Amino acid sequence: MDNNKFVEVKNLRKVYDNGHEAIKNVSFAVKKGDLVCLLGPSGCGKTTILNILAGLLNPTSGEILFDGKSVVDVEPKDRHIGYVFQNYALYPHMTVLQNVMFPLVVGKNKKPKADAERIAQKYMELTQITELADQKPENLSGGQQQRVAIARALVQEPKILLMDEPLSNLDARLRLKIREEIRALVKSVGITTLFVTHDQEEALSIGDKIILFNDGVIQQDDLGQNFYLEPNNYFVANFVGNPVIDNFKVTKIENKLKANDFTIDIADLDQSRFKRTLADGDYLLSVRPENIFPALDGLLQATVDDVELIGRERVLKFTNDETQARSLVNLEMPIKHGDQVKLKMRLDRVFLFTPDGERVY
Amino acid sequence: MKRFRIGTIFSYLILFIFAFITVFPFIYMILGGLMNFQETTSIPPTLIPHHFEWGNYAKVFAKAPFARYFFNTVLTASITTVVSLFNSLLGAFAMVNLRFKGKGIIQIVMLSLLMVPGEAIIFTNYNTIAHMGLLNTYVGLVLPFLTSIFYMYYLQSYFGSISETIYKAAMIDGASDWDYIWKILVPMSKSGLFTVGLLSFISGWNSFLWPLLVTNEDTMRLLNNGLTAFASDAGSETQLQLAAATLTVVPILILYFIFRKQIIKGVVRNDLKG
C-alpha cells in the first residue's frame, strides 16, 4: 500500500454520448489524509471527475485506484466514499437525524436502529447540529444544511470524502467560516478529501495541494504557492491571482523584447529562469500587479484610468496597447485618477509565454 | 370603492348561477329519490318532497342486487387502482432515474400509444379477453386497466421535478433502487401518487363501456351497468331510478369531499410544473 497514492487516477478519459470530450487523459494521485482541491473554471471537467470517482458516471477509458485497488467496476455504495453535493441533496421529508442516519439504515450494511442513532449522534456532535435533530431541512439555513450534508457523508466512515462546490450556495462571510470548519473537520477525522471548487481563493486557503483543470486537461498539479510563483503556463498565470495578472504583447528582436511603448533588454532578465533559449518572434510578457509599480526610472509611461481601493492596497488601472493592466500599490501612495505615472517591473518576477501559452521564462 | 363593490356582487352572482346549474341536478336527484311517483312526474315539478320516502331505497335493493354491484365496483376499482399505481410508479421511476439502451425509443412508442383512444382498441381487447375465456370474470374486468401510460407520464413529470442529486445521494448512501423508491421517492411524491390513485379509482368507479361488453351476468355487473339495467327493469318508477342513481354517485361524492384538498393540490402542482 502506497500512502502517497491513496487515490490514483490513470489516463482517465470521458467522452459523453453527444461526443463532447469532457476529460482528456487525466492522471493524478492523492496522498492519504490530504485535502486536495480540484480547481478550474466552470465546464472544465472537475465535477465530471468527481462523479467518475464516486461511480456516478462511467469513464470512457482509464483506471481509478483507491488504496491500490481498482474501483472502476465497483458500485458507488461499495466504494467507501462520502459525497457532499453542491445543493446538499438532503431528503426533504426526513428530519436532520433521519437524514444523517439514512446511510446506516438502508442497503446491506444496515445497522440496528439504536446503533445507527448512536453513530449519527456522534457525527452530529462533530458538525454541531445536535440541537437541529428534529428539524426538517426546509427550516435550516444554508450553513446548517451544509453541516447536515457533511455529517451524512461522514456517518458511513468512508475512506474518501468527495465535495462538489460545497460552499457555492453560501454567502461570502459564511463561506469563509465554513471553509475553515471543513478543513479543521476533515483534518480531525483524518479523511482523504477531494474538494471541487471554481474559487481560487478557496482552493489556495484550504487545499494541501491543488489540481488545476481547464478543458478536461490538468494544467498544474502542485502546492498552492507554486500556482502563484511558478505557473506552468499562460492559463495558470491568468487563472490564479487577484487582481489578475497583466499581460503585454512583446516581440523578441535580437537581444530586446519590444512592446508597443517600452523595450526590455534580455540581459536584464534572470538568465537562470529561462526554460529554453528564446527564438525571435511574438511572446506574452505577464507581470503580477504587485510586481509592476510606479518609479521615477520606470520603463513605461501610463495614465491612471481608475483607482480602486481593496483594503490595505489600491489597484491602479491603466491602459497599455489597448489592453487594461493593473498595478498594486500601497494605500498611502498619493496617486489619483488621471495622473501620469512611470511604471517599473521586477524583471526577476515576470513570466514569458509563447502565443500558445507555453512558459519560456 | 363603489365600483369594487358592484364588481364583487356581479362576480358572486355569476358564481352563484354557475354553481346552481352545476349542483342542481345532484340535489334534484337526491331529493327525487325520496319522493313518491306522483311528485317526480307532476307539473309544475315538486322540489321538496312532502314526505321523505326512505322506503324507496329498500325497494331498490329488493328489485336489483345493488349490494352485489357495489361490492363488484369497489373490488374492481380498488384492484385497478392499486395495481396500476404500482406499475406506473415503477415505470416512471425507470424512465426518470435508470439509464438503459432504447429508453428514448420506448418513450416515443409509449407516447404514441397515448394518442390511441381507448375506444379504438376496445374490440381487440374484447376478442383477447373472450379468447382467454375471461368473460364474466373479475380478471377480465380489470386486466386492460392494470397499466396506464397516462398515469406513468403524470408521475414521470412529478419524479422529474425531484433533483437528480437526491437519487445520486441515495446511491452513495448505499440505498438500493427499491430502498430509494419506498423510502425517498414515494414519501416525496405523496400528493402526486394520491392524485393518480384517486383519478384511477374514480375512472374505475365510473367505467361503463368495458364492463358492459365483458359481463352479461347479473352477479358480475358493476354499478353503472346495473343502473342502466335497473332503469328499464324499474319501468316508469322514476323515483326508484333516482334513488338508485343516488346510490351510485354518493360514495364517490363522499370521496371528493374528504380528499378535495389533496385533489386540488395534486392538480395545481402538476400545472405549475408544466
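Keep in mind that the model is predicted. In chain A, one open sheet has six strands and another open sheet has four. Chain B comes in through the packing of helix α8(B) against helix α11(B).

**The six-stranded sheet (chain A)**

- Reading across this open sheet, the strand order is β6-β7-β8-β3-β9-β10, and the pairing is mixed.
- At the edges sit β6 (81-84) and β10 (217-222), each of which pairs on one side only.
- On average, neighbouring strands here are turned by 15 degrees against each other, if you ignore direction.
- Inside the order, β3 (residues 35-39) and β8 (residues 192-197) of chain A run parallel and share five bridges.
- If you want a spot to look at in that pairing, C37(A) has F195(A) of β8(A) as its bridge partner.

**The four-stranded sheet (chain A)**

- This one is also open, with the order β2-β1-β4-β5 and antiparallel pairing.
- Its edge strands are β2 (21-30) and β5 (69-70), and each has pairing on one side only.
- Strand β4 (residues 61-66) of chain A meets β5(A) in the antiparallel sense, over two bridges.
- Within that pair, L65(A) is bridged to S70(A) of β5(A).
- As background, strands of a sheet pair through backbone hydrogen bonds, whether parallel or antiparallel.

- Strands β17 (residues 313-320) and β18 (residues 323-330) of chain A run antiparallel, joined by eight bridges.
- Opposite T319(A) you'll find Q324(A) of β18(A).
- Two residues lie between the strands of this hairpin, and D321(A) takes a positive phi near 50 degrees.

**The helix pair (chain B)**

- Helix α8 (residues 149-160) and helix α11 (residues 190-206) of chain B pack at an angle of about 165 degrees, with axes 10 Å apart.
- Angles over 145 degrees count as roughly antiparallel, and α8(B) and α11(B) are therefore roughly antiparallel to each other.
- The crossing of α8(B) and α11(B) is right-handed.
- From α8(B), the contact is made by Y151(B), Y154(B), L155(B) and Y158(B).
- From α11(B), the residues in contact include S191(B), G192(B), L193(B), T195(B), V196(B) and L199(B), along with S200(B) and S203(B).
- Sorted by type, the residues of the contact between α8(B) and α11(B) come out as seven nonpolar, five polar and no charged.

Methods
Residues are numbered from 1 along each chain as its sequence is written. Chains are lettered from A and ligands numbered from 1 in the order in which they are written. This is a predicted model: local features need pLDDT of at least 70, side-chain atom pairs count only at pLDDT 80 or more; totals for chains, interfaces and linings use all residues. Side-chain values use heavy atoms; hydrogens and water are left out. Two strands pair if DSSP finds at least two bridges between them. Axes are lines fitted to C-alpha atoms, for helices over the stretch in contact, and angles run from 0 to 180 degrees between N-to-C directions. Angles under 35 degrees count as roughly parallel, over 145 as roughly antiparallel, 65 to 115 as roughly perpendicular and the rest as oblique. A crossing is left-handed if the near helix is turned anticlockwise from the far one by less than a right angle, and right-handed if clockwise. Contact means heavy atoms within 4.5 Å. Ala, Val, Leu, Ile, Met, Phe, Trp, Tyr, Cys and Pro count as nonpolar, Asp, Glu, Lys and Arg as charged, and the others, Gly among them, as polar.
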